[in-house]
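Please report on how the ligand is held in this model.

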Amino acid sequence: MNCIFCKIRDGEIPSEKVYEDDDVFIIKDIDPKAEKHYLMIPKRHYKLIGDMTDGDAAALMRGIRKIPSLAESLGLTGGYRIIVNQGDDAGQTVFHLHIHIIGGQILDFPDLKKR
Ligand code: 5GP
Ligand code: ZN
């Protein structure tokens, strides 16, 4: 399978990994859109929220619940936002589910434009 995030998980593409456990890993986004921009990526490949098994959902929620304890080391003590882009309208470009974690600055709500 030609998936960038599976290749990063397997060490075939280098990344700046800042956290890893049995469920998820967190890397720095290669093209940061905020002062701090990380990606939490489940180790098991699936594309969309709609593809998740109950086990995937539990694993991802365990990952999300780790974020508060990582906030200080990630420079996110002022708060952060998590974003999951799904499909074309959201601009999803990598079809291995991932959670953007952004912060390190004031996060204005993005300008949204009608299709
Ligand atoms: P999406 O647009 O699918 O929600 O988010 C994909 C994210 O992955 C983008 O923010 C993009 O910058 C990031 N990205 C794409 N390729 C790589 C890569 O090879 N390494 C890292 N660290 N991030 C990547
Ligand atoms: Zn993958």
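Helix 1 contributes three residues to the shell around ligand 1, the most of any element. Two elements give two or more residues to that shell: helix 1 (4-9) and strand 2 (24-28). Helices (H or I, at least four residues) and strands (E, at least two) are DSSP runs numbered from the N terminus.

This is a predicted model: local features need pLDDT of at least 70, side-chain atom pairs count only at pLDDT 80 or more, and totals for chains, interfaces and linings use all residues. Residues are numbered from 1 along each chain as its sequence is written, chains are lettered from A and ligands numbered from 1 in the order written, and side-chain values use heavy atoms, without hydrogens and water.

In total, 17 residues surround ligand 1 (a heavy atom within 4 Å). The closest are K28, D29, N85, T93 and H100. By type, the shell holds seven nonpolar, six polar and four charged residues. Here Ala, Val, Leu, Ile, Met, Phe, Trp, Tyr, Cys and Pro count as nonpolar, Asp, Glu, Lys and Arg as charged, and the others, Gly among them, as polar.

Polar contacts (N or O pairs within 3.5 Å) are tabulated below.

| Residue atom | Ligand 1 atom | Distance |
|---|---|---|
| I30, polar backbone atom | nitrogen | 3.3 Å |
| N85, polar side-chain atom | oxygen | 2.9 Å |
| H100, side-chain N or O | oxygen | 2.8 Å |

The protein covers 86% of the 520 Å² of accessible area that ligand 1 has on its own (Shrake-Rupley method, 1.4 Å probe).

Strand 1 (residues 17-20) and strand 2 run antiparallel, joined by three bridges; strands pair if DSSP finds at least two. They form a hairpin with three residues between them. Y19 has I26 of strand 2 as its bridge partner.

Terms used:
A polar contact is a pair of N or O atoms within 3.5 Å; within protein, one must be able to donate a hydrogen and the other to accept it, and residues adjacent in sequence count only if both atoms are side-chain atoms.
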